[in-house]
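Trainee: I would like to go through a protein structure that is new to me. Could we take it step by step?

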Amino acid sequence: MGSAAQYFEVEAPVEQVYAYWRDFSHFPSFMPDVREVHVTGPTTSHWVVAGPFGKTVEWDAEITEDIPNQRIAWTTVGDADVDNAGAVRFDDRDGRTDIEVSLEYNPPAGKAGELVAELFKDPDKQVERAAESFRKVVVAGGLGSA
């Protein structure tokens, strides 16, 4: 099993940051490899992520914990290309928000596992890139519609 974690600060109120993050359909705007996220229910979503060699990996996820403006946790459900779970924590800092993201994943064996291993070659770097992209969305005013 692999893991990644990132801690970063966003110059926006926790209510806006949480609301934007909680709408998973926003993820393609700040996570470079996420192609689509379809919200399928109040706590479920379907993810399509670009992989190497023009391939994609997909999974269904379910929110396992949702404390508004504080924490969102999730896990994959069903027959996922990549089993994963994680959490994001939001800390209110008087108009700023500290965010901590942690992710664990378990790639499958065989040829599919090789593809996923390539996708998750440097998970800390990928989470770091996503954090920086999220900051840019905030600075550009992307949270105004949250």
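The conversation below goes from the overall layout to single residues.

Mentor: Please bear in mind from the start that this is a predicted model.

Trainee: How many helices and strands does the chain have?

Mentor: There are three helices and seven strands. Read from the N terminus, the elements follow the order β-α-β-β-β-β-β-β-α-α.

Trainee: In what order do the strands sit in the sheet?

Mentor: The seven strands form an open sheet with the order S1-S7-S6-S5-S4-S3-S2, and the pairing is antiparallel. Strand S1 (2-10) and strand S2 (34-39) each have a single partner strand, so they stand at the edges with one side left without a neighbour in the sheet.

Trainee: And what does the twist average from one strand to the next?

Mentor: The average is 20 degrees from one strand to the next.

Trainee: Let us take the strand pairs. How many bridges join S1 to S7?

Mentor: Nine bridges join them, and the two strands run antiparallel. As an example, Val10 has Thr97 in S7 as its bridge partner.

Trainee: What about S6 and S7?

Mentor: S6 and S7 pair over eleven bridges, again in the antiparallel sense. Within this pairing, Ala87 stands opposite Ser102 in S7. The two strands form a hairpin with two residues between them, where Asp94 takes a positive phi near 50 degrees.

Trainee: Which other strands form a hairpin?

Mentor: S2 and S3 do, with four residues between them. They pair over five bridges in the antiparallel sense, and Val34 has Val49 in S3 as its bridge partner. S3 (residues 44-50) is also joined to S4 (residues 56-67) by seven bridges, and these strands run antiparallel.

Trainee: You mentioned Val49. Is it buried or exposed?

Mentor: Val49, which lies in strand S3, has a relative accessible area of 6%; the cut-off for buried is under 20%, so Val49 counts as buried. Its C-alpha atom is separated by 9.2 Å from that of Pro28, which is 21 residues away along the chain.

Trainee: Moving to the helices, where does H1 lie?

Mentor: Helix H1 (residues 14-22) lies across S1, S4, strand S5 (71-77), strand S6 (83-93) and strand S7 (96-106). Its direction is at about 165 degrees to S6.

Trainee: How many residues does the largest nonpolar core have?

Mentor: The largest nonpolar core has 32 residues, and those with the most contacts inside it are Trp21, Phe90, Ile99 and Phe134. The elements giving two or more residues to this core are S1, H1, S2, S3, S4, S6, S7 and helix H3 (123-139). H1 gives the most, with five residues.

Trainee: Which residues is Trp21 in contact with, leaving aside its neighbours within four places in sequence?

Mentor: Trp21 is in contact with Phe8, Phe27, Phe30, Ile72, Val88, Phe90, Val101 and Phe134.

Trainee: That list has several aromatic names. How many aromatic pairs are there?

Mentor: The count comes to 13 aromatic pairs. One of them is Trp21 with Phe90, an edge-to-face pair at 6.2 Å centre to centre, with 80 degrees between the planes. This pair links distant parts of the chain, as Trp21 is in helix H1 and Phe90 is in strand S6, 69 residues apart. Both Trp21 and Phe90 are buried.

Trainee: Finally, what are the totals for the chain?

Mentor: Of the 146 residues, 41% count as buried. The accessible surface comes to about 7700 Å², and 50% of it belongs to carbon and sulfur atoms. Among contacts with a separation of 6 or more, 47% are between residues 24 or more positions apart.

Definitions and conventions: Residues numbered from 1 in each chain as written. Predicted model: local features only at pLDDT ≥ 70, side-chain atom pairs only at ≥ 80, totals over all residues. Heavy atoms only, no water. Pairing = 2+ DSSP bridges. Axes fitted to C-alpha atoms, helices over the stretch in contact; angles between N-to-C directions. Contact = heavy atoms within 4.5 Å. Core = buried A, V, L, I, M, F, W, Y, C linked by side-chain atoms within 4.5 Å. Buried < 20%, exposed > 50% of the residue type's maximum accessible area, 1.4 Å probe, protein only. Areas by Shrake-Rupley, 256 points an atom, 1.4 Å probe, with all protein chains shown as cover. Phe/Tyr/Trp six-rings, centres within 6.5 Å; stacked < 30°, edge-to-face > 60°.
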